[in-house]
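Thanks for coming, everyone. I'll take one chain today and go from the overall fold down to single residues. Here it is.

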Amino acid sequence: MFIKRCGRLALTVCAIGLGSNAFAHYVFFASQPSDSIYRCTNTGANLVTQYDSPDVDAPFGVTLGSNDMVYWTEDGAIMGAPDNGSGPVEEIVASTLAGDPRHIAVHTEEIFGFEVDTLYWTDFSGNRILSFDGSSVEVVAHGGFGGQGVAHPNGIAVLVGNVFWSQGNTIRNASGDAVVTVGLGSTIKDIDVIEGTEAPIFYWAEDTGSGGRIARQITVFGIPSTETLYTISSTPIGVAVAENLNKVFWTTAGKVEYGAMNGSTAKTTIVTGLSALKGIDFKQTN
């Protein structure tokens, strides 16, 4: 998608996000009851409200684009604003086109020397995976006749142009094939994916029915293996891998936490005292 601007508007998206530049790393996340987009450092310091009501209304997914913009989903729309909190807030995709958006992701590529973004998000009630390339909203996958069996999708991630989403107890690829399956009764709430040596490495936030866990699937010698990285007493809602920090971040109803990408360290809580936190994502900028 070519970045188009109308005033301060730019076309780029993600879910809740960890943003960073060459000198600092920031976590962006949303709280529904306070109608706010928050930002803090990756250690939880300097917590600030970037945007709030009336510019924000029940946000869910959040992400950062290649053009210093933060994007989020809210009641049927995709919104965007400069990630430094300076405003203004713009409606990127209207409710008549966005469906019932939950988590959101961005794919960035370089075209003719320019970084261009395509936005992807899950339409939970519409059983669709949608994208926006700056000119039109497209249906990437759907649950109707001749479709890919999309059914109430939650999380979404993009790796090298390949789209993955979660629904129920599975993670699926663009063809609708299950690439990760967890136990019956569990729900994968959000996902992230990074490149692995043999195959993509999938990370996810899972509602196990009696609590939650942060888990991953890694392929070694052609055999995919699932690992529980962290067990959580409450349900995790969003997850994001900060590969350059060797950390995985996640949100629960009232906390932002992180641990090592391989689960080798104790989990650390960096934000508490807020409620109904939603998606999370990480982005490195230089």
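**Asn-246 and the rest of the chain**

Let me start with one residue. Asn-246 counts as partly exposed, at 43% relative accessibility. By that I mean between the two cut-offs: buried is under 20% relative accessible area and exposed is over 50%, with a 1.4 Å probe and protein chains only. Asn-246 sits in the loop between strand E21 (238-242) and strand E22 (247-251). Its phi is positive, about 60 degrees, although Asn-246 is not a glycine. Most residues other than glycine have a negative phi, and most peptide bonds are trans.

Some ground rules. This is a predicted model: local features need pLDDT of at least 70, side-chain atom pairs count only at pLDDT 80 or more, and totals for chains, interfaces and linings use all residues. Residues are numbered from 1 along each chain as its sequence is written, and side-chain values use heavy atoms, with hydrogens and water left out.

Of the 286 residues, 54% are buried. Take contacts with a separation of 6 or more: 45% of them join residues 24 or more positions apart. Contact means heavy atoms within 4.5 Å.

Next, strand E7, residues 77-82. Why call it largely enclosed by the rest of the structure? Because six of its six residues are buried. On one side of the pairing list is strand E6 (residues 69-74), antiparallel to E7 and joined to it by six bridges. Pairing here needs at least two DSSP bridges between the strands. Tyr-71 has Gly-80 in E7 as its bridge partner. E6 and E7 form a hairpin with two residues between them, and Gly-76 in the turn has a positive phi of about 80 degrees.

E7 also pairs with strand E8 (residues 90-93), again antiparallel, over three bridges. There Met-79 is partnered with Glu-91 in E8. The loop between E7 and E8 holds Pro-88. Gly-87 and Pro-88 are joined by a cis peptide bond, with omega about 0 degrees.

There is a cis bond between Ser-53 and Pro-54 too, with omega about 10 degrees. Pro-54 has its place in the loop between strand E4 (48-51) and strand E5 (62-64).

Back to positive phi. His-152 is not a glycine either, and its phi is near 50 degrees. His-152 is in the loop between strand E12 (137-142) and strand E13 (153-159). At 42% relative accessibility, His-152 counts as partly exposed.

Last stop, Thr-269, in strand E24 (residues 268-271). Is Thr-269 buried or partly exposed? Partly exposed, with a relative accessible area of 36%. Beyond its neighbours within four places in sequence, Thr-269 contacts Lys-255, Val-256 and Glu-257. Thr-269 and Tyr-258 are 11 residues apart in sequence, and their C-alpha atoms are 6.6 Å apart.

Methods: Helix = DSSP H or I, 4+ residues; strand = E, 2+ residues; numbered from the N terminus.
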